[in-house]
Structures are given as C-alpha cells and as structure tokens.
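Work through the exercises below with the sequence and the model side by side, and try each task before reading its solution.

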Amino acid sequence: MAEMDGEKARLEAVIAANPEPPALQLHPSLSARYRELFEDLAGSLNALEVRREATSSLRALISEVRMVPDTDAPSGHQLELVG
C-alpha cells in the first residue's frame with residue numbers, strides 16, 4: 001500500500017510540474033477560408049482537362065464507403081469515405 005501511495009505522490013508531482021497547455025486558438029475566419037479553398041479545389045478538379053485524372057486519383061485514395069444511419073440527414077443516412 002505504501003508503494004502505491006508513493007507512486008500516487010510521484011504522479012501528482014508530475015502533473016503539478018506540467019500544467020495543461022493553453023487552449024489552441026483558431027482564427028475566427030478560418031472556416032470561411034477553408035470553405036473558399038475547398039470550393040476552389042472542387043472547381044479545379046471539375047475542370048474538363050483534369051477531370052478524368054482527378055477522378056481516378058480520388059478513387060485511389062478511397063478504400064471504403066460506409067452508409068451510417070442518421071435520422072437528421074435528409075436521406076436518413078450519411079456516407080463516410082475511408083482511406
């Protein structure tokens with residue numbers, strides 16, 4: 001029992017000596033910028049001159065497609081791409 005108390009004290013000292021790091025702060029417009037970049041990517045991948053190669057490359061990245069029930073989704077399920 002004394003050994004466990006010693007280990008507990010040691011762990012508490014480690015926790016006290018290493019306080020939790022500050023929370024990560026994200027820029028307020030990060031989601032809008034991400035949306036813009038994603039829309040640009042979607043537009044680029046749909047360009048006629050690269051569409052076939054882009055489709056092939058994206059398919060190679062996907063190893064599995066899962067249908068997950070979701071009552072809040074319009075079709076009653078969501079698709080998850082795994083890869």
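Patches are made of residues with over 30% relative accessible area and no salt bridge, where like charges are joined within 9 Å and nonpolar side chains (Val, Leu, Ile, Met, Phe, Trp, Tyr) within 5 Å. This is a predicted model, in which local features need pLDDT of at least 70 and side-chain atom pairs count only at pLDDT 80 or more, while totals for chains, interfaces and linings use all residues. Residues are numbered from 1 along each chain as its sequence is written, and side-chain values use heavy atoms, with hydrogens and water left out.

**Exercise 1.** Find which residues make the nonpolar surface patch.

Solution. Accessible areas come from the Shrake-Rupley method with a 1.4 Å probe, and for residues only the protein chains shown count as cover. The patch, of about 720 Å², is made by Leu58, Leu61, Ile62, Val65, Met67, Leu79 and Leu81.

**Exercise 2.** Decide how the rings of Tyr34 and Phe38 are arranged.

Solution. Rings of Phe, Tyr and Trp (its six-membered ring) pair if their centres lie within 6.5 Å; planes under 30 degrees apart count as stacked, over 60 as edge-to-face and the rest as tilted. The structure holds one aromatic pair. The ring centres of Tyr34 and Phe38 are 6.4 Å apart and the planes stand at 25 degrees, so this pair is stacked.

**Exercise 3.** Locate the salt bridges of Arg10 and Arg33.

Solution. A salt bridge is a side-chain nitrogen of Lys or Arg within 4 Å of a carboxyl oxygen of Asp or Glu. Arg10 meets Glu7 at 2.8 Å, N to O, and Arg33 meets Glu36 with the closest N and O atoms 3.4 Å apart.
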